[in-house]
Amino acid sequence: MKATVYFSREITPEKVVALYEAAGKPLPGKVAVKLHSGEEGNQNFLKPEFWKPMIEAVNGTVVECNTAYEGARNTTEKHVALLEKHGWSKYFTVDLLDAEGPDLELPIPNGKRIQKNFLGKDIANYDSMLVLSHFKGHPMGGFGGALKQLSIGCASSYGKAYIHGAGEPEKIWTADHDSFLESMADAASSVVDYFKGNMVFVNVMKNMSVDCDCCAVAEDPCMKDIGILVSLDPVAVDQACLDLVYASQDPGRDHLLKRIESRHGVLTVEAAAALGVGSREYELVEL
């Protein structure tokens, strides 16, 4: 069955809310808003002011997890300070899900590479999740979108190493690359199962660098902005973004595609679809 992906070429905070409303899925209870708050020094991440109307529309709590690499977000103390510096704490209630242990362990009985996932334990305090993704390239994953937010994004610091290492956290940077990508799909499936359909996914194709918002030193955007996409299906929304990049006539397109293809980025989408996380077949509804 085809998923529906709502699309607008107009990129404004108000349009994000309009597309969310078009998706027709009110998020119940306490809403976790997963986004990328930006590494220290990164210039491309989407700022609190952009997301503010959408987060307020669901009365959401911004949630993040500590990183597994050196930087300004790998300890709770440093991460809390950066969240404040970047303005997130100024506008929103912020919950660092793995500020203290133990992690929440979710089973992945059908996982191809990993059979368990480690999340920040505070995720158990939420009834639904709004995933706000900045679609762009990524040094390891090829690209970052909804599936990356669900997997690496929701994982605790230890959980991130576990996914990167395809179940062997000590191999965080040395594991077989495709196994890492498939582990991301496995991890994403566990979070989707956990929230039992109470999720909405927003991908914004703006400031599209080959580098992720996790990079302190990132390339500037290499192609012009494309638009906003919203879906109830994380596989469909990421696939639609990839298709829009391929369809673009922008001269910077090939630079971004080289990053995505050289890292075999589409494998995460393929693997997630194979697990039943969502569908790569979709209808794009432009509003």
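Buried residues have under 20% relative accessible area, exposed residues over 50%, and partly exposed residues lie in between, as computed with a 1.4 Å probe on protein chains only. The model shown is predicted, so local features need pLDDT of at least 70 and side-chain atom pairs count only at pLDDT 80 or more, while totals for chains, interfaces and linings use all residues. Residues are numbered from 1 along each chain as its sequence is written, and side-chain values use heavy atoms, with hydrogens and water left out.

Figure 1. V266 is partly exposed, at a relative accessible area of 25%. The residue belongs to helix α10 (residues 266–274); helices (H or I, at least four residues) and strands (E, at least two) are DSSP runs numbered from the N terminus. Leaving aside residues up to four places away in sequence, V266 touches Q239, L242 and R280, where contact means heavy atoms within 4.5 Å.

**Figure 2. Packing of helices α5 and α6.** Helix α5 (residues 146–153) packs with helix α6 (residues 157–164) at an angle of about 115 degrees, and their axes are 9 Å apart. Axes are lines fitted to C-alpha atoms, for helices over the stretch in contact, and angles between N-to-C directions run from 0 to 180 degrees. On the α5 side, S151, I152 and G153 meet K160, I163 and H164 of α6.

**Figure 3. Aromatic pairs at Y162.** F118 and Y162 form an edge-to-face pair, 5.0 Å centre to centre with 75 degrees between the planes. Rings of Phe, Tyr and Trp (its six-membered ring) pair if their centres lie within 6.5 Å; planes under 30 degrees apart count as stacked, over 60 as edge-to-face and the rest as tilted. Because F118 lies in strand β6 (residues 116–119) and Y162 in helix α6, this pair ties together parts that are 44 residues apart in sequence. F118 is buried at 10% relative accessibility, and Y162 is buried with a relative accessible area of 10%. Y162 also forms a tilted pair with Y158, at 6.1 Å centre to centre and 35 degrees between the planes. Y158 is partly exposed, at 41%.

Figure 4. A search of the whole structure finds 0 disulfides, a disulfide being a pair of cysteine sulfur atoms within 2.5 Å. The sulfur of C212 is 3.3 Å from its closest cysteine sulfur, in C214, which is too far for a bond. C212 is buried, with a relative accessible area of 0%. For C241, the nearest cysteine sulfur is that of C222, 14 Å away. C241 is buried at 0% relative accessibility.
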